[in-house]
Structure formats: structure tokens, C-alpha cells
Amino acid sequence: MPDTQLALTHPAAPAVRFEDFGLSPDILRALADQGYIHPTPIQAEAIPIVLQGCDVMGAAQTGTGKTAGFSLPIIQLLLAHASTSASPARHPVRALILTPTRELADQVADNVKAYSRHTPLRSTVVFGGVDMAPQTAALRSGVEIVIATPGRLLDHVQQKTLNLSQTQILVMDEADRMLDMGFLPDLQRIINMLPAQRQNLMFSATFSPEIKKLANSFLKNPVTIEVARSNATADNVTQVLYKVEEDAKHDAVAYIIRERGLKQVIVFSNTKIGASRLSRHLEKEGVKAAAIHGDKTQGERMAALEAFKQGTIEVLVATDVAARGLDIAELPCVINFDLPYNAEDYVHRVGRTGRAGASGDAISLFSDKDARLLTDIEKLIKHTISRLQLTGFVPQRSSDRRPRYEESSDRAASSRSSGNSSQYGRSAYAPRKEKIDPWFLKPYEPTVPAPQQDQNGASGQGGKPAKAKVAALLGGMPKR
DNA sequence: AAAAAAC
């Protein structure tokens, strides 16, 4: 048992096999079913540590195999320590896995189910936006493992359909995201319902001071596992920027997708309306697309995701609901229709491609107004992103993109009724002179050469507001 | 500024 933080940074030996971890044959059989033989680096590090019963602070990007990294040893632990419950009919919840989004919860639950399919352990997923009754029924029938989003979980606790008094293991997946989304008060309420004696696992793609603070507040002597450099984008992802006038971005996306023959791409939009609008535009251009965002019903969200996985649609236009965690195999390309407001979200979006060793492309569109966002992003990822020409793309002007108040008589509405005016509309072309701004040429220069070695929190730069907010919350303040 | 998450 480690009495202090222990950093395990060595890479796993290449030929490690799942059989080497002493996992139950039932688990190994499930892995074999899926054709998994060798663990990823984070799995090789996490599995033995979790099996020892240690708390874990894991810094892991998506696509590193993190889910199996915690669910396999959890299943093993639950199998090894048979339920102490007097009545075998009762299945107390023994492990709780929290995620920030519904889709992620669903996906983690699928994995847990697959890994435990040959064991007597039962699991279920619980999240909002869908009927409560089936979840209640599943919970009542008894489950050892619950995967949930915080709000609906608390709802079930209130309804007394769920009891957390016997929960021995807590996992917080995408903890940074949960903080961003203001889940801290919910997390605290949930944690207060758990036994004091338990194992905590926390995973986060980024490793901000806020996250460290959260970790310190409820992990006990956590072992730190860090697989990817934090706040860094994967080396195998080629990142580029194309400067495009704001009102030509829709066409630019269509152009990029057509020109490169992209068959599986996620396009990120900053707004729900923007996502729907772009999706419609792409459809009009003959690109099979669907939007996924928080204003869609849960059914629509699941259908869009499924259609994308099946290949029925080629383009998933998403808000940041899809920025993290979604497991879509070997996504070759992501496009940022908008640069994200939070620099960290850039890392997460880009993390949707180039996964598990494969290479990928991350294409971002930007315009003059994004100068500031771009600076923030490059500061975070600590390098510049190449500004390239979108060769062959001719920005055009059509009535579609003219602000309503500028509507003029020469652009008759009839010219758009046919829908696709982009290629054949004869009045559409009005090549723009590309003006290059000074800042555009100026490479990123690190203003603050990384946080100085920082003598244990005694940093001289007066506390940032976000930090103070989290500190206040950790002190017991509700409300965000 | 925006999105997400419980009803």
C-alpha cells in the first residue's frame, strides 16, 4: 500500500497479455470473445493498481483504452470479494461509475456488460432524458454495477430505487468535464452517500489545478497514472487551420468533405442551432449528415450516433456533447466548424481522431474574430497550428448567407428554391480577395513560459476566478 | 459568448 504518491510513468512492456494480470477466466473469455489479447499502456498500468485496491488519479486521453482499464479490475474485485450481503437475492450496488454525458454512460455500460457477460455480475445504466420506469425495474431486480449521469442517479436515490450505502468502488470518468458542467455539487451529494471506506478512481483528459484540487479532496493517497502528456494533442494527429470568411464556412465544410472524399467525419459546431443548420446545409449539398446536440431528444441523439456508426450517415455535426468519450473506431478526421470557446475543448475534439495509434486529421476553420481563441488554444497545446490555404475553394456569396436586414431585391428568393446553388448558381461566384492580417502571420509566442516551478501552490499570480469558484464549492458551497 | 445535465 503506497503511503505517498507514486508516479508510474514507464511504458508497459510490449508483449504483456491480459492473461498476465490474474484475471478470472470468465473475464479472459470475454476479452477473447472480442479478440483482445494485449492491454494498452494505460490498461497495463491501471489494472494491477486497481486490483490492489488503491485509489487512482488517471490522466488519460480518450481512445487509450481507459474504460477497460478500470472496468476489468473492478469486475475482478467484485468477483473476488463475493457479496457480503446476507440475502443472495439482494444485489447491493457495489460499484458506481459516473460520466458527464448520457452517451458516454451508455457506452461505458456496453463495455462493462461485454466484459462481465460470463460472470454472474449484473450491471445497468441510468441517465436522464428517457423513461425512468425501465431503469427502476432494472435497479429493483438487483445490480452490482451502476453506470450513471449524476442528475438521474440522484433522482433514483430520492425515489429510493437505488441505495449507495454498500458501494465499495466509485469511478469518475471525464472528471474535468463534470467539473466544467457544474456537476461538483451533485458529485459531493453522491459522495456523501457512499461508505467512507471505499476505493476511488478518477479519470480526466486534462489535468488542471481544479482537477488536482478535486482529487485531493476525496482521493486517498492516489496513485497517479499518466499516459498521454496532459493538455497535449496526440502526435499522430495532423492539425491544420484554414482561414475562411465567416459566411463561407458552410460551403467550406461541404467543399472539404467532397474534395477529400471523407466518409466518416465529425464536424463540431459551438452552438446547437449552428449544428442543425450546418447539418441541413450539408444534406442540401448531397452529403449524408445528421446533427447531435442537447436540444435533440435522447432518441434522436442515439439514432444519429447509431446511423453514424453504421455508416448510414457520413457526417455527424455535433456540439460539444460529442467532444469527449464517444467511442467511434478509427475516426480519420474531425473538422472544427467553429473554434471552441474553451481551449481544452479543442484538445477533446481533436482527441476524437487519430485514436489507438492510427493517424488522423484535425481541420479547423477560423476567421478574424477567432484570433483570441486561437491564441488560447496554441498556448494550451504549446505549439502553433499550421495556417494553410484551402486550395481550390472559391468563397461565394449567395442570398442564403446574407443577413436578413441586408436583403436586396436583386437576390430573388426564387434563386434559392432549388436548394443547391453552390455549384451551378451562375450569380453565385464572387471571389473574395483574401486579405492576410498581421496577427495571422505572427506565430504563437509563449507569453508565460509555462507555470513556473510553482512552489507548492504559492503562486504569485493572484488566484484565478475559476479556481476560486472551485475552492468555494469544495468548501461546501452549493450553487454554481 | 455556449453546451451539458433531473423532473
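Predicted model: local features only at pLDDT ≥ 70, side-chain atom pairs only at ≥ 80, totals over all residues.

User: Which parts of DNA strand B, sugar or phosphate or bases, do the atoms within 4 Å of the protein belong to?

Analyst: Of those atoms, 79% belong to sugar or phosphate, and the rest belong to bases. In the case of G151 it is a polar backbone atom that lies 3.4 Å from a phosphate oxygen of DNA strand B.

User: Which element gives the largest share of the surface near DNA strand B?

Analyst: That is helix 6 (residues 150-158), which contributes 3 residues.

User: Now to the sheet: what is the order of the strands in the open sheet of 7 strands?

Analyst: As a general idea, strands of a sheet pair through backbone hydrogen bonds, either parallel or antiparallel. Here the order is 11-12-10-13-14-9-15, and the pairing is parallel. Strand 11 and strand 15 (386-388) stand at the edges with a single partner strand each, so one side of each is left without a neighbour in the sheet. On average, neighbouring strands of this sheet are turned by 25° against each other, direction ignored.

User: How many bridges join strand 10 to strand 12?

Analyst: Strand 10 (residues 265-268) and strand 12 run parallel and are joined by 4 bridges, with V267 having V317 of strand 12 as its bridge partner. Strand 11 (residues 289-292) also pairs with strand 12 in the parallel sense over 4 bridges, and here A290 has L316 as its bridge partner. Strand 11, helix 12 (residues 298-310) and strand 12 together make a right-handed β-α-β unit.

User: Which way do the residues of strand 12 point, and are they buried or exposed?

Analyst: In a regular strand the side chains alternate between the two faces of the sheet. In strand 12 (residues 315-318), V315 and V317 point one way while L316 and A318 point the other way, and all are buried.

User: What does helix 14 lie across?

Analyst: Helix 14 (residues 371-381) lies across strand 9 (237-243), strand 14 and strand 15, and runs at about 165° to strand 9.

Technical notes: Residues numbered from 1 in each chain as written. Chains lettered and ligands numbered in written order. Heavy atoms only, no water. Buried < 20%, exposed > 50% of the residue type's maximum accessible area, 1.4 Å probe, protein only. Helix = DSSP H or I, 4+ residues; strand = E, 2+ residues; numbered from the N terminus. Pairing = 2+ DSSP bridges. Right-handed = clockwise from strand over helix to strand, strands pointing away. Axes fitted to C-alpha atoms, helices over the stretch in contact; angles between N-to-C directions. Contact = heavy atoms within 4.5 Å. Near = heavy atom within 4 Å. Polar contact = N/O pair within 3.5 Å; in protein donor to acceptor, adjacent residues only side chain to side chain.
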